[in-house]
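Dear colleague,

A summary of the findings follows it.

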Amino acid sequence: MFEQALENQQYIFLFLLITLALLFFILSKISYNKRLEKEVNKQLNELREKDKLLIAQSKLAAVGETLAHIAHQWKQPLSQINSVVANIEADYEDKKLDDKRLEEHLNEIEKLTFYMSDTIESFNNYLQPNEEKESFSIKDAFDNAFALVYKLLESKQIECKFEIEKDFKILGVKKEFVQAILVILNNAKDVLVDNNIEKPKINIFIGEVDNKAYLEISDNGGGIPSELFEKIFDPYFTTKPHSQGTGHGLCMAKMIVEKSMHGKLKVENIRFGAKFSILLSKDNNE
């Protein structure tokens, strides 16, 4: 009997020991999971902060690019205004400045200042903050972006060819999407200029691929070198001097398309250059 009782006590002790071990294991597991969850949240918060910093830097870069575009688009009308003023002065000295001739000169200056005012208004609308998602057409967004750079492309004698198979409504923050298109257009322009392409061209296609809205922008700038291909969307990666580029444009464009609009932005080399393609879900509520 005594031996049986002793054996039972041993079993009870062993059971308690195993129970305590399991309890300790469970508590350790819970503590580990909490630490892991805390670490994961910390890492996510750090990534969000990095994304916010990247977005802020991209917006600053957009402002800088915008000022450069405004300066370029104002250069010609300012020169023309200067010429009109010189003509007024010449007509006055030659005693040809009658009321009719003065009115013609002033009307010409007025037209030029209206153009300059419209330019500022276009860029101001682009830079105004807007975080609300809306339904808009791909063609309309592209037209908004192209209106901001066409003078610069024209000055570089870059031919732009458009093919619109079918336009679609998509859902997103329109000004962000315009910014993504601007980045790709400016990238194509820089490549064509830097590589001294004899007959520079940018081709734009809007249509449908795999039942999704599709935008394609390609150039004949020679393509992306193989050693740079995997890095092209990396933050802060640029082949330009830091005074000319910060290296976050294409990264920002990819974030807008893929994170904000849940689409896909891809790049590939084609026969004479590079092709950027954007796939987005159509807004079927329209």
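Across the whole structure, which is a predicted model, a search finds 6 aromatic pairs. One of them joins F136 and F177, whose rings are 6.0 Å apart from centre to centre, with 45 degrees between their planes, a tilted arrangement. F136 belongs to strand 1 (residues 134-137) and F177 to helix 4 (residues 174-194), so this pair ties together parts that are 41 residues apart in sequence. Both partners fall under the 20% limit for burial: the relative accessible area is 3% for F136 and 0% for F177.

A further pair is formed by F146 and F162. Because the ring planes stand at 90 degrees, with the centres 5.2 Å apart, the pair counts as edge-to-face. It also links distant parts of the chain, since F146 lies in helix 3 and F162 in strand 2 (residues 159-164), 16 residues apart. F146 is buried, with a relative accessible area of 18%, whereas F162, at 41%, is partly exposed. Ring pairs also join F146 and F162 with F142 and Y150 in a cluster.

Helix 3 deserves a description of its own. The helix comprises residues 138-155, 18 residues in total, and its first and last C-alpha atoms are 26 Å apart, close to the 26 Å expected at 1.5 Å a residue. Where does helix 3 bend? The bend is at V149 and amounts to about 50 degrees. V149 is itself among the buried residues of the helix, which also include I138, A141, F142, A145, F146, L148, L152 and L153. After the helix comes Q157, which has a positive phi, near 55 degrees.

Helix 6 may be treated in the same manner. The helix has 12 residues (residues 249-260), which should span 16 Å at 1.5 Å a residue; the end C-alpha atoms are 15 Å apart, so the two values agree. Its buried residues are L250, C251, M252, A253, M255, I256, V257 and S260. Just after this helix, H262 adopts a positive phi of about 55 degrees.

With kind regards

Definitions and conventions:
Residues are numbered from 1 along each chain as its sequence is written. This is a predicted model: local features need pLDDT of at least 70, side-chain atom pairs count only at pLDDT 80 or more; totals for chains, interfaces and linings use all residues. Side-chain values use heavy atoms; hydrogens and water are left out. Helices (H or I, at least four residues) and strands (E, at least two) are DSSP runs, numbered from the N terminus. The expected span of a helix is 1.5 Å times one less than its number of residues. The bend at a residue is the angle between axes fitted to the seven residues ending there and the seven starting there. Buried means under 20% relative accessible area, exposed over 50%, partly exposed in between (1.4 Å probe, protein chains only). Rings of Phe, Tyr and Trp (its six-membered ring) pair if their centres lie within 6.5 Å; planes under 30 degrees apart count as stacked, over 60 as edge-to-face and the rest as tilted.
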